[in-house]
Amino acid sequence: MNNALQFGLQSSAIYVAKFLVVPLRSLRVGSSFVGVGVGTRSFNKRLMSNATAFSINNSKRKELNIPGAAIDQNCHQMGSDTDRDEMGTLQDDRKEIEAMTVQELRSTLRKLGVPVKGRKQELISTLRLHMDSNLPDQKETSSSTRSDSVTIKRKISNREEPTEDECTNSEAYDIEHGEKRVKQSTEKNLKAKVSAKAIAKEQKSLMRTGKQQIQSKEETSSTISSKLLKTEEIISSPSQSEPWTVLAHKKPQKDWKAYNPKTMRPPPLPEGTKCVKVMTWNVNGLRGLLKFESFSALQLAQRENFDILCLQETKLQVKDVEEIKKTLIDGYDHSFWSCSVSKLGYSGTAIISRIKPLSVRYGTGLSGSDHDTEGRIVTAEFDSFYLINTYVPNSGDGLKRLSYRIEEWDRTLSNHIKELEKSKPVVLTGDLNCAHEEIDIFNPAGNKRSAGFTEEERQSFGANFLDKGFVDTFRKQHPGVVGYTYWGYRHGGRKTNKGWRLDYFLVSQSIAANVHDSYILPDINGSDHCPIGLILKL
């Protein structure tokens, strides 16, 4: 291969959600502050809550190797005052144990899964031993324990979402609310089915010494944490690494589905079927894209094996074209570039092909037309069709070019297409800068007066193209599918799939039945748009 024209793309990264980390403020946590019962019942709840929280906490440090929870120090400040509070609480708890009756002691130990045989003093000693064994080394680990611990009672039993202050640095809280509910439900089921039974069983069988008990709980909790982690990875990974598979729309219809190219593309055509594969991509500045090294045009060509690649918004000047041509991918020997001359470093389109076209023309062909000074149209003629690559003008901030867009540009382009169609069918592709229907934009209600979704632009799109016999190939193939091709940089729309469908393949009605596949490649980064493709049987 010759030197490849590098169109860098940032490959998708899989982010594994972390556990929500909430510090254990003191020994008296969970339901000890909920006004249920007095004396023994209150103490039992504190003991059970502490045992569970410390057990899971130890397992998280062991499993994830976290030296300390990433909690904002402004949210939780721990110090010697807290240590003294814990020691005072410990003394109060021991007094409560001594004041308990034999029946209360046995009832408490049964709830903890601890043998209940023996006299009162033996029962008191057993309960003290159980309580002491649940405490970490007060000198060396109390501080890190508080900052690392996870309050299972708050996270699972009560199903409370943490406050913003409690999880300022937690990436897990940054997931969509729908995922949170799924994860919380899964964690609750795991806790009910695994945690209680496993911990109680280990406590009952290894209660001989405090050291054995701590070790057993660490091992049991490690298993639970591992299961919770695996479950959370399974739930979180698909939506985070493939956000386009999650239906994102402000007003979705009940039968709408999110676009998934892995499951919604038809099988390949039989070997030997005569066809052409065309791809189009708004690169939002070709020179900037060339600086990326994680993905190249060579890799894209090998993956998709396209015949023709159309580019929009190259932002090249005429003087740059010859240098770019020297670095084209081997086999794609025919390239045609249109650059803006009225405003340098602006707009620009190109067609790169391994099939030699019969003819090529630039612009609309109208003599003296202002439309042709911004490098927005390249038309290539092939044996059985015309291919028009276009970058439709944006109506701009404040809709300052709206009138020009709908009254001049759309009409001129439509007439240009209809003139070509007199001799051959036409394929129109590129960034058409219009989300035609509400299904084509994440937030239709909030963008009624935004460029690309005004009522005027949408009506013009229909009147000048669809009503004149051109078929939106993606919408015909996927009538109820939400698939976007553009995500703004400003709000990180790609991560949450809050986008627009602005890039199209429109074809003449006469060849619409020959379209085998019209698809989107949302996994390809490098621009605020992603490539789309068309496979047309000839």
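Modeller: Let us start with helix H13, which covers residues 402-421 and has 20 residues; helices here are DSSP runs of H or I with at least four residues, strands are runs of E with at least two, and both are numbered from the N terminus.

Colleague: What span is expected for H13, and what does the helix reach?

Modeller: The expected span is 1.5 Å times one less than the number of residues, and H13 reaches 27 Å from its first C-alpha to its last, close to the expected 28 Å. This is a predicted model, in which local features need pLDDT of at least 70, side-chain atom pairs count only at pLDDT 80 or more, and totals for chains, interfaces and linings use all residues. Residues are numbered from 1 along each chain as its sequence is written, and side-chain values use heavy atoms, with hydrogens and water left out.

Colleague: Where does H13 bend, and by how much?

Modeller: The bend is about 30° at Trp409, taken as the angle between axes fitted to the seven residues ending there and the seven starting there.

Colleague: Which elements do the buried residues of H13 pack against?

Modeller: Among them are strand E6 (359-362), strand E9 (426-431) and helix H14 (455-464), and the buried residues of H13 include Trp409, Leu413 and Ile417.

Colleague: Why is Asp431 called buried?

Modeller: Buried means under 20% relative accessible area, exposed means over 50%, and partly exposed lies in between, with a 1.4 Å probe and protein chains only; Asp431 has 2% relative accessibility, so Asp431 counts as buried. Asp431 is found in strand E9, and with contact meaning heavy atoms within 4.5 Å, Asp431 touches residues including Asn282, Tyr391 and His529, not counting residues up to four places away in sequence.

Colleague: At which residues does UniProt place the feature "binding site"?

Modeller: The unreviewed UniProt entry places that feature at Asn282, Glu313, Asp431, Asn433, Asp528 and His529. They span 248 residues in sequence, yet no two of their C-alpha atoms are more than 13.0 Å apart, so they gather at one spot. UniProt positions follow the numbering used here, feature names are shortened, and annotations may be inferred rather than shown by experiment.

Colleague: What confidence does the predictor give the chain?

Modeller: On pLDDT, the predictor's confidence in each residue from 0 to 100, the chain averages 73, and 61% of the residues score at least 70. Over residues 135-183 the pLDDT is below 50.
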